[in-house]
Amino acid sequence: MTNIQFDQVELFKALSNEARLKILYWLKDPTTHFDTQRQGIEEMNEVGVCVSQIRDKLGMNQSTTSQYLATLQRAGLVEATRIGKWTYYKRNERLIHELANFIGTKL
């Protein structure tokens with residue numbers, strides 16, 4: 001079994017919210033879903049999307065957005081990179097692939 005076995009409950013809790021699912025969907029293809037002029041395309045693909053852009057797209061306040069992102073990060077579904085005063089998020093594709101494989105083979 002993979003390490004995912006130990007994180008099943010946390011992963012499925014993180015996925016049980018529509019806004020968090022939207023975030024994961026948007027982060028799958030950030031250049032389609034976020035303003036690349038506010039952030040360079042290379043930067044967006046390498047380090048992720050700035051939390052303020054995620055907040056703006058969600059239409060929620062900073063606190064709620066940060067809580068959702070923290071939940072996704074605790075579950076391992078997203079990774080955060082801090083650059084100066086900004087935090088950027090991107091998907092953890094390895095874990096998402098493992099989760100898809102787990103669902104396809106074990107559930």
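1. Asp-7 has a relative accessibility of 33% in this predicted model, and it therefore counts as partly exposed, a class that lies between the limits of 20% and 50%. The residue sits in the segment that precedes α1 (8-14). Its C-alpha atom is separated by 28 Å from that of Ser-52, a residue 45 positions away along the chain.

2. Helix α2 covers residues 18-28, and its buried residues are Ala-19, Arg-20, Ile-23, Leu-24, Trp-26 and Leu-27. Viewed down the axis of α2, these buried residues fall within an arc of 165°, so they line one face of the helix. An α-helix has 3.6 residues a turn, so residues three or four places apart point the same way. Glu-18, Tyr-25 and Lys-28 are exposed on the other side of α2.

3. The start of α2 shows a contact between side chain and backbone: a side-chain oxygen of Asn-17 comes to within 2.9 Å of the backbone nitrogen of Ala-19. Ala-19 is also one of the buried residues of the helix.

4. The protein chain contains 7 helices and 3 strands, which run α-α-α-α-β-α-α-β-β-α from the N terminus. Its radius of gyration is 14 Å, close to the 13 Å that the globule rule gives for 107 residues, so the chain is as compact as a globular protein of that length. The C-alpha trace spans about 40 × 25 × 25 Å along its principal axes.

5. Of the 107 residues, 40% count as buried. Among contacts between residues at least 6 apart in sequence, 49% join residues at least 24 apart. The accessible surface of the chain comes to about 6500 Å², and carbon and sulfur atoms account for 49% of that surface.

Note on methods. Residues are numbered from 1 along each chain as its sequence is written. This is a predicted model: local features need pLDDT of at least 70, side-chain atom pairs count only at pLDDT 80 or more; totals for chains, interfaces and linings use all residues. Side-chain values use heavy atoms; hydrogens and water are left out. Buried means under 20% relative accessible area, exposed over 50%, partly exposed in between (1.4 Å probe, protein chains only). Helices (H or I, at least four residues) and strands (E, at least two) are DSSP runs, numbered from the N terminus. The arc is that of the directions from the helix axis to the C-beta atoms. A polar contact is a pair of N or O atoms within 3.5 Å; within protein, one must be able to donate a hydrogen and the other to accept it, and residues adjacent in sequence count only if both atoms are side-chain atoms. The radius of gyration is taken over C-alpha atoms; the globule rule is 2.2 Å times the number of residues to the power 0.38. Contact means heavy atoms within 4.5 Å. Accessible areas come from the Shrake-Rupley method with a 1.4 Å probe; for residues, only the protein chains shown count as cover.
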